[in-house]
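Q: I am new to reading protein models. Could you walk me through this one, feature by feature?

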Amino acid sequence: MPQRPERGFFTEADGIYTPTKYAASPWSDTMLNGPCVSGLIARELENAHAPDGFVPARFTLDLFAPVRNETITFSTTRVRDGNRIRVADASLIQSGKVSARATVVYLRRSEQPPGTVWTRDEHPSPPPEVVDSPPATDTYSWYSSDGRWSRGRSEHQNSDRKRLWSRQLPVIVGEEQSPFVNTAMVGEGTSFVTNWGDEGVGFINADVTLALSRLPEGLEIGVEADNHIGTDGVAVGTAVLFDRLGPFGTGVVTALANAHRQVDFG
């Protein structure tokens, strides 16, 4: 069998990132999709500012302008560099203008304090059909509503609670994905699982915040909708991030109605 060509969302040369065909948005092929933008800016922050012994405990991406299907450069700044906390910002630049920005907060690992704290009893589980060690070139997404998992999105276009289990393409062609970058890409799916209803996805997220207690194990990550609250075309969505060991973080998005470009998976 011929080997599948290496795939990914971007190529890089001298700090300039060029989107591949896989980076196009489902809303418009002139824009880039949210997961690849989230992963790329997380990679830039991690490469420039990640300290040893710390967890990227909060990652916030602001998507206040369309990120176009064009080349990208970055500017990053270390805002705070303390013994237990480090904060860094990044700006995604196209044609000399900032199209998106992000902040990462790194917290130093230590020991848990004594005592028992309440946590919810029910935890999401991945689809049992997915193998633990698929080929390195394989990518996929599984979807769930009302406890059923399948690969077909059209089977889950309903008003039930949604879950996503995904293994994404590398953000850079030929580069191994880090757990943080992978989390930023799949975690952007918080908007997808919290805003998908029985007539498709009619909201476009203006941001995403991922709050992490640890990094995931493995390349497969799940996102389970926790709540959707919407009024007058403005929505808030919350989700639980999980891997095969259990929950490891939370996703939060705010979103605007985009009914004239509703994505219908039916």
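A: Leaving aside neighbours within four places in sequence, Phe59 is in contact with Ser38, Ile41, Ala42, Leu45, Ala102, Thr103, Phe180, Ala184, Val208, Thr209 and Leu210. Contact here means heavy atoms within 4.5 Å. Keep in mind that this is a predicted model, where local features need pLDDT of at least 70 and side-chain atom pairs count only at pLDDT 80 or more, while totals for chains, interfaces and linings use all residues. Residues are numbered from 1 along each chain as its sequence is written, and side-chain values use heavy atoms, with hydrogens and water left out.

Q: Which residues touch the most other members of the largest nonpolar core?
A: A nonpolar core is a set of buried Ala, Val, Leu, Ile, Met, Phe, Trp, Tyr and Cys residues joined through side-chain atoms within 4.5 Å. Buried means under 20% relative accessible area, exposed means over 50%, and partly exposed lies in between (1.4 Å probe, protein chains only). In this model, the largest core has 53 residues, and Phe10, Phe59 and Ile72 touch the most other members. Helix 1 supplies the largest share of this core, six residues. There is also a second, separate core of five residues, including Tyr140, Trp142, Trp149 and Phe242.

Q: How do I read the packing of helix 1 and helix 2?
A: Helices (H or I, at least four residues) and strands (E, at least two) are DSSP runs, numbered from the N terminus. Axes are lines fitted to C-alpha atoms, for helices over the stretch in contact, and angles run from 0 to 180 degrees between N-to-C directions. Here, helix 1 (residues 34-49) and helix 2 (residues 179-187) pack at about 150°, with their axes 7 Å apart.

Q: How many residues of helix 2 are buried?
A: Helix 2 is mostly covered, with eight of its nine residues buried. One of them is Thr183, with a relative accessible area of 1%. Not counting residues up to four places away in sequence, Thr183 touches Glu188, Leu210, Leu212, Pro216, Ile221, Leu241 and Phe248.

Q: What about Ser95 and Gly96: are they buried or exposed?
A: Both sit in a loop: Ser95 lies between strand 5 and strand 6, and Gly96 lies between strand 5 (85-94) and strand 6 (97-108). Ser95 counts as exposed at 64% relative accessibility, and Gly96 counts as exposed at 71%. Phi of Ser95 is near 50°, a positive value in a residue other than glycine.

Q: Where is Asp14 found?
A: Asp14 is in the loop between strand 1 (10-13) and strand 2. Phi of Asp14 is near 55°, again a positive value in a residue other than glycine. Asp14 is exposed, with a relative accessible area of 80%.
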